[in-house]
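Have the sequence and the coordinates open.

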2 protein chains.
Amino acid sequence: MSLICKMPAATSAVPKIGCVVALAAFTAMPGWAQERFEVRSPGGVVTVTLEVQNGTPTYSVTRLGAEILEPSALGVRFAEGPSFDGGLSLTGTETASFDETWEQVWGEKRNIRNHYNELRATFETEGETTRSMDVVFRVYDDGFGLRYEWPEQDTLGAFEIADELTTFDMAGDPIAWWIPAYGRTHYEYLWRDEPLSALDGNQAVHTPLTMETGDGLYLSIHEAALVDYSSMSLLPMGDGVLKADLAPWGGNDGFTLVRGEAPLVSPWRTMQIADTPGGLIESYQILNLNEPNALEDRSWIEPAKYIGIWWNMHLGDWSWGTGPNHGATTEHAKTYIDFAAEHDLPNVLIEGWNTGWTGRWWGDGVNMNFTEATEDFDLEEVMAYAAERGVNIVGHHETGGAVPNYEAQLEDALALYARHGVPSVKQGYVDFGQGIEHDDAGGVNRGEWHYGQYMVEHDALAREAFARAQIAMNPHEPVKDTGLRRTYPHVMTREGARGQEYNSPGGGGNPVDYTTVLPFTRMLSGPMDFTPGIFDLGPDKAHHTPSTLANQLALYVVIYSPLQMATDLPEHYEANLDAFQFIKDVAVDWDDTRVLNGRIGDYVTIARKERDGEDWYIGSITDEIGRSFEVPLSFLEADREYVAEIYRDGPDADWKTTPLDIEITEALVDASTVMELRLAPGGGQAIRFRPASEEEYETMDEYAPE
Amino acid sequence: MSLICKMPAATSAVPKIGCVVALAAFTAMPGWAQERFEVRSPGGVVTVTLEVQNGTPTYSVTRLGAEILEPSALGVRFAEGPSFDGGLSLTGTETASFDETWEQVWGEKRNIRNHYNELRATFETEGETTRSMDVVFRVYDDGFGLRYEWPEQDTLGAFEIADELTTFDMAGDPIAWWIPAYGRTHYEYLWRDEPLSALDGNQAVHTPLTMETGDGLYLSIHEAALVDYSSMSLLPMGDGVLKADLAPWGGNDGFTLVRGEAPLVSPWRTMQIADTPGGLIESYQILNLNEPNALEDRSWIEPAKYIGIWWNMHLGDWSWGTGPNHGATTEHAKTYIDFAAEHDLPNVLIEGWNTGWTGRWWGDGVNMNFTEATEDFDLEEVMAYAAERGVNIVGHHETGGAVPNYEAQLEDALALYARHGVPSVKQGYVDFGQGIEHDDAGGVNRGEWHYGQYMVEHDALAREAFARAQIAMNPHEPVKDTGLRRTYPHVMTREGARGQEYNSPGGGGNPVDYTTVLPFTRMLSGPMDFTPGIFDLGPDKAHHTPSTLANQLALYVVIYSPLQMATDLPEHYEANLDAFQFIKDVAVDWDDTRVLNGRIGDYVTIARKERDGEDWYIGSITDEIGRSFEVPLSFLEADREYVAEIYRDGPDADWKTTPLDIEITEALVDASTVMELRLAPGGGQAIRFRPASEEEYETMDEYAPE
């Protein structure tokens, strides 16, 4: 096959670099043109082919000889007027190449390369009143993104999208790790892994949807830069076809998916592709497809660890609302502040300090008062006590899903926190399946989808208010992460999956392998406030958190979050200060991240280098099966000796029976050391590597496998 | 559960080390005792439990929380007299622990640790005439072996085994890579990978049978030290049960499997278990379960590369038998000798130099004369010509499956070769499905199974004759390897799978992914004379060998053999001496082997260090999908600079269209370098690492990813 390679001006002269190839267009039928365009990624790894046949565009994707997507659909259908659902003319194409390296304000990796080739194709509808739409492809060595753009035009003002036609027609029958996108509720389900074909005729599934192909490639479909639009889930249509399924607005007939007005761009529909499961984690494509940082002053945004008045409520010993066992009392707050000060933990979260936790459990949120403290909580006194001890109080906004009530108080609520120097707020959008309250044009109208456009817009409103108040965000029951933290780095972390709270006595429990699925699925979207660090483990506990102690420590490295909780009660940490030392030491902001091994749902080992420091950390976890790995430390700086502070499962450790068996030891290592990581069933290993002092170098034993 | 841990005297005092645990025996039924014994591997990784209930012993296996084998059957049924098939009394148990490190004469790794805990259980049959049998378990951190031992006893002299009852009852439904064990023929089939359940009701399958469990563990069932017995294949019985299926003696009713005489031990039934596919390759359990080296003088055994008059016969241009295109002429031999001498290749194989290649194709072998040269081949002249040039001639014995004809001439045949200093002989046992000829008690009786006891015994006879003649062996169409090379290191390599010859014009072709399955299946049994190194590649060739040139080079590292052929014609190497340099350089004997990554049937990367030298080599290959890997060079000696001589796929390489696109380049690396290996579809990468000279250290560029 002889290709005519049209080189975009900005790219190198080597054909495989930045080559956007147009095959000769030819007439397939009288009156219809067939056109075909290939875009190859900068390193020649991924190829996207756009083809237009009989007025219908499709795209397909290959990677180094592997067919990834068969010809897949493109287009949208409007509620009114000409739609982009067939009968289209391709009126122009543009190609471009882009290469920059940008710096994350905080994150898993400091410097990220954004290197892609782009194809922009402009389509017009047929008929008298024509509308215009661009389809834009950005093709990376680690995947691709595509989006729709509706430029300003006379024939398209305000519009409603009734359907998005985009499909991903998977070649073959990959294994998919999926959670259901049930109606209005949020993302807290257990992943199941099944061949995609087993999902046919089922409900839609959420993104990121991670898959493993028969060829041993790893893919994940998600979206980037979800703004002014509705979330996309994926509807399995049979034959490997996954169709974009947009959450509708609530309270109407369910057919309005997006309310827009040109000019508008859709979120990017994205696919990451990697040779190994870990390659997905090391891909920053979702961030690359977001806009650059929009905040001029970022000095107030700080990654940090925190403790909080919280786990005791999940244990059932304290309550959120007032009463005999109220958690958020002045006295409890002081105890937590003292503990934080003693152990150099900068932040203390206090949940349930405000009034309005009434009605069903936490109520339906409509009575929440975000500025009024309960009688047993003296806000001013607590804030003063914390400030004296150099500790920050983390704010809390539980909306109960009553968004109008929250929005009405938001400015005041943030002003109160800003006055006290609160660095971040944990928000909650708990509802009970009835959806998000939405006072639409006067009538109260509960039932907006947690991930529909209403919540996407609320998110934007809150994001702006928080930016003005210079307070960081940590929403729970959130809209899924789509990488907006690149643009708005004060949206630091979020929930959006089953956290550790599911291991509480009433939580139903996460299975042992849960945290070995998370890094390859939910975590591909962004940081998660999982809340690791339960020390009070054991089969005799009302909560049987399914992990060893070393596994709990390893989670601080494995599950990335710039706000990371030390979740357990102070007394449980005080009972095991040796192991707690790792939580005190571990970084929360990183210069680099390397995935050393991993198998989705079975195990994963991640190394990260701290930002602005010399230390490296390793976290390694496994499911209910014990494992042994050889791990070369080639990530360490060459010609330098490090002390490895090793927190590993003891010889008798087992999550089921003896989770507290841990060995803490030190040894000298360097970049040429190969460590043997032995993990117990449900176990883990956490290691800190710090440069050795001269004395340590002379006196400490070199690392030797057990 | 509280265990009473009886420590064998030889083991350490730490319970997890060498702990053989006997649970309290209790009476389950009047008159029957239930007994249960646990043996844990030295590192506490693998546990084998022997249980006797109602006179029937079973064994089961777990590994770090994973159930590997459910209770599985033990026993044998004799053709006559009391059998070990139920109604057994356990009359004694013994435990032992063993730890040694031994040195391979040649091999993938110089020093091998043999570290296991052993349980020996003695059983007696019931009734008046009792017979005794031991079941011995050796439990390693990387698997286990079990065998039957029949000590000398009055009630058991000569016997016939009518059935072996051993089963492997797999927990769950692992994926199995299998080839069929069809009747009498040999092992040259394509692997299929399917859930074990898909095999139920099918024919038996060969070992090594490699499997991947749902937990992400990798297992392989095989046997070790196959002597005086019949080969075991595995019959899927449903519900994950794999039953030992012994090849019968030919020519009778097919019910005699083994003819034995006490004292006798069975081969070891083995299972390797690893956390990664590569862990299977790095396990030396099969060798460990063989007896130590039995040859006092090993000085004559030398790993070596060879070329040969062979591939041209597969191409159809020359013939084995005499005629107008006879391959083995004096003139051709001299050309090959000249080429070998020029390129420092020590050995030249010459096939078809002897008389008797008559009848059907190669005949049925009965006319083969192993000492008489054809008219156009002057043996003395060729041998003298080779000796003058410092080249050895590799001998050839094609039996055509006519074993009696071969055995009758064997001493003379070997004497001839010994006189000429022939270092090794390639043997052939080609038959056409009719089985191996066997002149049993006078009447000619074709039809012994290729892997039945008759051939196992012939193997032993030949092995002894070759040892006396001090000539090494390379049998094709052999009995499968079971690690006997530890005991008899002159049995250097063999075929026993589809080699490169299947890529010849009439060969039917190996699929692209074939060589990515081989290392995890066939190669677990031992070295293979695959014959890599085809340079005359391309879609325009009558043979379309499915690989790039770099892939062919990488096979010299990936597929281990101490006798390694440079397979293609001298003129094809002369046309590409740059790439041929790797074949000239690569070692054939190794100090160490590390598997850097791998996925069965998709890709594998192996690093090996040459024996008695400083060089390391990497071979990396992939299937029809191109891939990119990050490979830390942590195996290199620390604080030392190496030159990496890199043979990699060029930017346009593709096995299908452009297999010859190769880039050969050099760069400085050290133990902290992380290389990026980019493999084309059907591609590979071969790298030699040699210590850098001072000048190179100062002038050569450091390695940087493409």
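The dialogue below goes from the contact between chains to single residues.

Q: What kind of model is this, and how are residues and chains labelled?
A: This is a predicted model, in which local features need pLDDT of at least 70, side-chain atom pairs count only at pLDDT 80 or more, and totals for chains, interfaces and linings use all residues. Residues are numbered from 1 along each chain as its sequence is written, chains are lettered from A and ligands numbered from 1 in the order in which they are written, and side-chain values use heavy atoms, with hydrogens and water left out.

Q: How many residues does the contact take from chain B and chain A?
A: Contact means heavy atoms within 4.5 Å. Here 38 residues come from chain B and 38 residues from chain A.

Q: What area do chain B and chain A bury between them?
A: Buried area is the accessible area (1.4 Å probe) that two parts lose on being put together, summed over both. For chain B and chain A that is about 2800 Å². Carbon and sulfur atoms hold 46% of it.

Q: How many salt bridges are there between chain B and chain A?
A: A salt bridge puts a side-chain nitrogen of Lys or Arg within 4 Å of a carboxyl oxygen of Asp or Glu. The count between chain B and chain A is two. One of them joins the side chains of A:Arg599 and B:Glu212, at 2.7 Å from N to O.

Q: How many residue pairs are in polar contact between chain B and chain A?
A: A polar contact is a pair of N or O atoms within 3.5 Å; within protein, one must be able to donate a hydrogen and the other to accept it, and residues adjacent in sequence count only if both atoms are side-chain atoms. Between chain B and chain A there are twelve such residue pairs, both residues at pLDDT 80 or more.

Q: Which element gives the most to the side of chain B that touches chain A?
A: Elements are DSSP runs, numbered from the N terminus: helices are H or I, at least four residues, and strands are E, at least two. β35 (627-632) and β38 (674-679) of chain B each supply at least two residues of the side that touches chain A. β35(B) gives the most, with four residues.

Q: Which residues of helix α11 of chain B are buried?
A: Buried means under 20% relative accessible area, exposed over 50%, and partly exposed in between (1.4 Å probe, protein chains only). In α11 (residues 577-585) of chain B, the residues B:Ala579, B:Phe580, B:Phe582 and B:Ile583 are buried. They lie on the same side of α11(B), because they cover an arc of only 140° around the axis. The arc is that of the directions from the helix axis to the C-beta atoms.

Q: Why do such residues point the same way?
A: An α-helix has 3.6 residues a turn, so residues three or four places apart point the same way.

Q: How many residues of α9(B) are buried?
A: Ten of the ten are buried, so α9(B) is largely enclosed by the rest of the structure. Among them are B:Leu549, B:Asn551, B:Gln552 and B:Tyr556.

Q: Where are the cis peptide bonds to look at?
A: Check omega. The bond from A:Ala262 to A:Pro263 is cis, with omega near 0°. A:Pro263 sits in the loop between β21 (258-261) and β22 (264-265) of chain A. The bond from B:Thr207 to B:Pro208 is also cis, with omega near -5°. B:Pro208 belongs to the loop between β16 (192-195) and β17 (209-212) of chain B.

Q: What is phi at A:Leu64 and at B:Asp228?
A: A:Leu64 has phi near 45°, a positive value in a residue other than glycine. Its loop runs between β6 (56-63) and β7 (66-73) of chain A. At 11% relative accessibility, A:Leu64 is buried. B:Asp228 has a positive phi of about 55° and is not a glycine. B:Asp228 is partly exposed, at 40% relative accessibility.

Q: Is B:Arg611 buried or exposed?
A: B:Arg611 counts as buried, at 9% relative accessibility. The loop between β33 (603-610) and β34 (616-622) of chain B holds B:Arg611. A polar atom of the B:Arg611 side chain lies 3.0 Å from the backbone oxygen of B:Trp590.
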